[in-house]
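The sequence and structure are shown first.

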Amino acid sequence: MEKTTEEQVQDGSPGPRTEVASARIGDEYAEDSSDEEDIRNTVGNVPLEWYNDFPHVGYDLDGRRIYKPLRTRDELDQFLAKMDDPDYWRTVQDPMTGQDLRLTDEQVALVRRLQSGQFGDMGFNPYEPAVDFFSGDVMIHPVTNRPADKRSFIPSLVEKEKVSRMVHAIKMGWIQPRRPRDPTPSFYDLWAQEDPNAVLGRHKMHVPAPKLALPGHAESYNPPPEYLLSEEERLAWEQQEPGERKLSFLPRKFLSLRAVPAYGRFIQERFERCLDLYLCPRQRKMRVNVDPEDLIPKLPRPRDLQPFPTCQALVYRGHSDLVRCLSVSPGGQWLVSGSDDGSLRFWEVATARCVRTVPVGGVVKSVAWNPSPAVCLVAAAVEDSVLVLNPALGDRLMADNTDQLLNAFVPPEEPPLQPARWLEASEEERQVGLRLRVCHGKPVTQVTWHGRGDYLAVVLATQGHTQVLIHQLSRRRSQSPFRRSHGQVQRVAFHPARPFLLVASQRSVRLYHLLRQELTKKLMPNCKWVSSLAVHPAGDNVICGSYDSKLVWFDLDLSTKPYRMLRHHKKALRAVAFHPRYPLFASGSDDGSVIVCHGMVYNDLLQNPLLVPVKVLKGHALTRDLGVLDVVFHPTQPWVFSSGADGTIRLFT
């Protein structure tokens, strides 16, 4: 009964008539039999849902299809029929034929009785009196007159055998007779002294009871006078919280022990003592007996790792402001420094003598000596330009060859469109050593050479993809290798052996393949702000310094995560450097110190690098909260140069 709901049956009043919606269907129960529920539709146990997509709903006795009635009424027509037809509430749809049927009064009454939880038959009385079939009176005739079994009056042989077995076991002592139970309850003292045979003695982790604190002089009935409280102390004691008081009672003095009254807090203290015993944590903490010396990793002694710089040998004085950058010539004879006083100074390494001063008219942010031993060139980053100088130091023949190499360039007929302008130096500038000026239009923060000495990478303080430019000296070409930016670039470095370019942004270091023009690796230093970058001469390891005083070592063959993170400095790291020949690396920080570490990289790929700090070198004075600004190693000797904010350069040997 699909359309009949509980509300429809209960709200409406039953009508006096019952009729079938379609006149062509005859008496519904004319040909009814006990094995067929509905004689008109002969589909049997086939689910009626299978006929949902067909125009008919089954077959009659003659095999003809029983078609569904046409349902052309929409919901509005159904609503109007519901309003107009007073018998709509007692109309249901026959699922076997799809026809509408109106329920009789007897059927409505049956539905209502079933909905209210009553029996369907009106004449059924569920509360009829019970009939006692078997009474308690003794009758003449038995209920059953079956003769009794033989086993009910003959002793059992099986039970006799069981009893004899048990008697034999009791005689042999195999079965002990049960002792009568002791009705008195048994108590266990949790904190009793451990007897090996006692129950608690078998517990391996038994904890003895907490001892009561022994009474002191203040608890005596006649304490010394210094233990008695004055009036102010007594008032202060009464104002304190009970948990904050040193003593839980007031010391009092009595003439004799007979005059001592009963203790007022006796029951309370006994109860607290019972709570202490009951709530004591019965758990033993296992302490591991470890020698602290065993926790320190076994490192070689520093004297076994020599040579490395240990003491200050020379101080190069001459700059009037902080010295930002340093670079050493490939032969190790000359040193160039750039300062905020607007000058470049060339020094002789062995004597600390300033052999040449070149005024550049601006702050020198970065300086780099060409690593090629065949030419004598220095690149310096000053404001928005890169100056290429020929200092003409040392071999005259090499200086002349350098000038010939620069003058051999023939400019093309149509100058290509480039991100930088190449300008020849004027005659006055050529007198002080300047040869070329590369103008960028944006401030230059770093300049670095490729290992061959022909290519030059610069970092610009700008937004976008033109932060890194690569210049070719022999053809005077400039190009921007990147199409889009990945954050503010801090440092760049060329790989010493392969065509890779390392670009350090604030949070990551990206390794690009220049020939394939693709990203090879992305190193995650886990630092807040990367400040400096250096590549191992073998090319498989990289170190990064950061402003949050961390030095991070990466093994490129191992992982993109740090192999080791060193936190030796107290303040921000400004510069890191590898030694070209010795297994040394150094870091300079704003705390005014240079820390030299032994960093041995093994040829065996299965052996991890050995990193051991060997020396802390101090000498620079802190100026404007700045310490060491740059660190560079000598190319052949185990010496390290450092430049500081105090305007000096120091050589440690």
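## Basis of the report

The model is predicted. Its local features are reported where pLDDT is at least 70, and side-chain atom pairs count only at pLDDT 80 or more.

## Cavities

Three cavities of 30 Å³ or more are present in the structure. The volume of the largest cavity is about 140 Å³. Its lining consists of 15 residues, and those lying nearest the centre are F482, S485, H486, V489 and V503. Two elements, β20 (500-505) and β21 (509-513), each give two or more residues to this lining.

With three residues, β20 provides the largest share of the lining of the largest cavity. Sorted by class, that lining comprises six nonpolar, seven polar and two charged residues.

## The sheet of β19 to β22

The strands β20 and β21, which contribute to the cavity lining, also belong to an open sheet of four strands. The strand order in this sheet is β19-β20-β21-β22, and the pairing is antiparallel.

## Strand β33 and its two partners

Strand β33 (residues 648-652) is mostly covered, with five of its five residues buried. T648, R650 and F652 point one way from the strand, whereas I649 and L651 point the other way. The residues on both sides are all buried.

Strand β5 (residues 312-317) runs antiparallel to β33, and five bridges join the two. Strand β32 (residues 640-644) also pairs with β33 in the antiparallel sense, over four bridges. R650 takes part in both pairings: this residue of β33 is the bridge partner of V315 and also of S642. The hairpin of β32 and β33 has three residues between the strands. In this hairpin, G647 adopts a positive phi near 85°.

H440 is placed in the loop between β14 (434-439) and β15 (444-449). Is H440 buried or exposed? Its relative accessibility is 11%, so H440 counts as buried, the cut-off being under 20%. The side chain of H440 reaches the backbone oxygen of V438 at 3.3 Å.

L605 lies in another loop, between β29 (593-600) and β30 (610-618). Its relative accessible area is 71%, and L605 is therefore exposed, a class that requires over 50%. Along the chain, L605 and L558 are 47 residues apart. The C-alpha atoms of L605 and L558 are separated by 9.4 Å.

How values were computed: Residues numbered from 1 in each chain as written. Heavy atoms only, no water. 1 Å grid on protein atoms, 1.4 Å probe; cavity = no way out; pocket = protein on both sides within 12 Å on 5 of 7 lines; lining within 4 Å. Points joined across faces, edges and corners; volume = space filled by probe spheres on them. Nonpolar A, V, L, I, M, F, W, Y, C, P; charged D, E, K, R; others polar. Pairing = 2+ DSSP bridges. Buried < 20%, exposed > 50% of the residue type's maximum accessible area, 1.4 Å probe, protein only. Polar contact = N/O pair within 3.5 Å; in protein donor to acceptor, adjacent residues only side chain to side chain.
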